[in-house]
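Have it open while you read, and go through the points in any order you like.

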Amino acid sequence: MRAIDENTITDAALEQMSGTPNPRLKQIMASLVRHLHDFTREVDLTAEEWLEGIRFLTAVGQKCTAHRQEFILLSDTLGLSALINALHDKRATEAATKSSLLGPFYRQDAPMMKLGDSIISHSKGTEVVFYGRVVDAAGRGIPNALVQVWEPDETGNYDLQKHDPSIMDLRGCFRADSEGKYYFRGLCPLGYMIPMDGPVGDMIRAQKRHGYRPAHIHFVIGAPGYRELVTALYVAGDDHIDSDTVFGVNESLIISVNKNDSSSPLPKLPSIRYDFQLAKAAKQDTSGRVGADPSQITAKA
Ligand SMILES: [Fe+2]
C-alpha cells in the first residue's frame, strides 16, 4: 500500500485518473491536479483557508442566475478570460483584430436591426455613430458579416442588471452590406464599476482594487468561413484605460470619438470608426467566446 504524504498524494491522484478514456480530459485534469497540489504545498494551505475557498466558490455559484454570471466575472477579474483570449488569438492562422472579453453581459437573441438604426431604446446620453468595415486578412470587405453589439447605459449598467432584465436595451445585431460596411447609432461608451454586490466584489475590495472598467462597447462579429471575433472597443483617455479590472484593453482596440467627421455616414453625429479584421476559420478552430448568455449557462448546469 502506498504511503500517502504531502508529496506522494499527487502521484496517487494522477494514477487513479490515468484510465480516463478522453485524452484531452485526461490531460486537463492531470495538469489541474498537479498545479492545484503544487499551489497548496507552496502556500502551505490550512484547513481554515481551504474552507474559506470552498465558501467563496459556493457563494459565487449561488450568485449565478439566468441573468447573472458571477463565475465569468471571477474568471475575468483573475485575468483567466484575457489569457484564454490571448491563447485563442495565437492559434489564428491569419492576421485578425485582437479578441477582448465577452464578459458576463452578452445575451443571445438581441434584436436584428437595419444599418443606421439606433440600439438606444430606454436610455439617454450622447448619441454617436459607430461605423467601419468588416474585412478579411487581405483587407477585402466581408459581405453580410453579422455584427452583434452591446453596451452599458448612462448609469454604467447593462439591461441584464436592471429590475426587469427581460427588457433589452443597448444591444442589437446588424448585417454588413455587400462591401462589408456597417454603421449604427448608440451611446458614446461609458466606463463602469463591475458588479460589487457579490463574492467577486468582496474579493476586489479585499485586494484594494478599484473595480472599474474603462469606457467600451462589445462586439461579436462572424461570417461563414471565418473565425468569429469577440472583441470590444475602448475609448482613449479614460481614467482606467491602463488598469482595467478585467484586463480587456489592448492598444489596437483603443478608439477616439471624432466630433467632426465628414466621411461618416451620419456626419452630424460624433463618430467612432473601426475596421474589424476576421481570420479564415481553420479546421481545428474552437469558439472564441469566453462565456455565453447567462441563461444558457444555467440551463445546461
Ligand atoms: Fe462591458
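1. Let's begin with β1. It pairs with strand β10 (residues 271-273) in the parallel sense, over three bridges. Strands here are DSSP E runs of at least two residues, helices are H or I runs of at least four, and both are numbered from the N terminus; two strands pair if DSSP finds at least two bridges between them.

2. A word on the ground rules. This is a predicted model, where local features need pLDDT of at least 70 and side-chain atom pairs count only at pLDDT 80 or more, while totals for chains, interfaces and linings use all residues. Residues are numbered from 1 along each chain as its sequence is written, and side-chain values use heavy atoms, with hydrogens and water left out.

3. β1 has other partners too. Strand β11 (residues 276-277) runs parallel to β1 and is joined to it by two bridges, with Val134 partnered by Phe276. Strand β4 (residues 181-187) pairs with β1 in the antiparallel sense, over seven bridges; there, Glu127 has Leu187 as its partner.

4. How covered is β1 (residues 127-135)? Mostly: seven of its nine residues are buried, meaning under 20% relative accessible area, with exposed being over 50% and partly exposed in between (1.4 Å probe, protein chains only).

5. Helix α4 (residues 70-77) is mostly covered as well, with seven of its eight residues buried. Among them are Ile72, Leu73 and Leu74, but also Glu70 and Asp76. The buried residues pack against α3 (47-63), α5 (80-90), α6 (199-206) and α7 (294-300), counting contact as heavy atoms within 4.5 Å.

6. Look at both ends of α4. At the start, a side-chain oxygen of Gln69 comes within 3.1 Å of the backbone nitrogen of Phe71. Just after the helix, Gly79 has a positive phi of about 85°.

7. Now for α2 (residues 23-43), where the buried residues are Ala30, Val33 and His37. They sit on the same side of α2, because they cover an arc of only 65° around the axis (taken from the directions from the helix axis to the C-beta atoms). An α-helix has 3.6 residues a turn, so residues three or four places apart point the same way. On the other side, Arg24, His35 and Glu42 are exposed.

8. What do the buried residues of α2 pack against? That would be α1 (8-16). At the start of α2, a side-chain oxygen of Asn22 reaches to within 2.9 Å of the backbone nitrogen of Arg24, and just after the helix Asp44 takes a positive phi of about 50°.

Notes. Polar contact = N/O pair within 3.5 Å; in protein donor to acceptor, adjacent residues only side chain to side chain.
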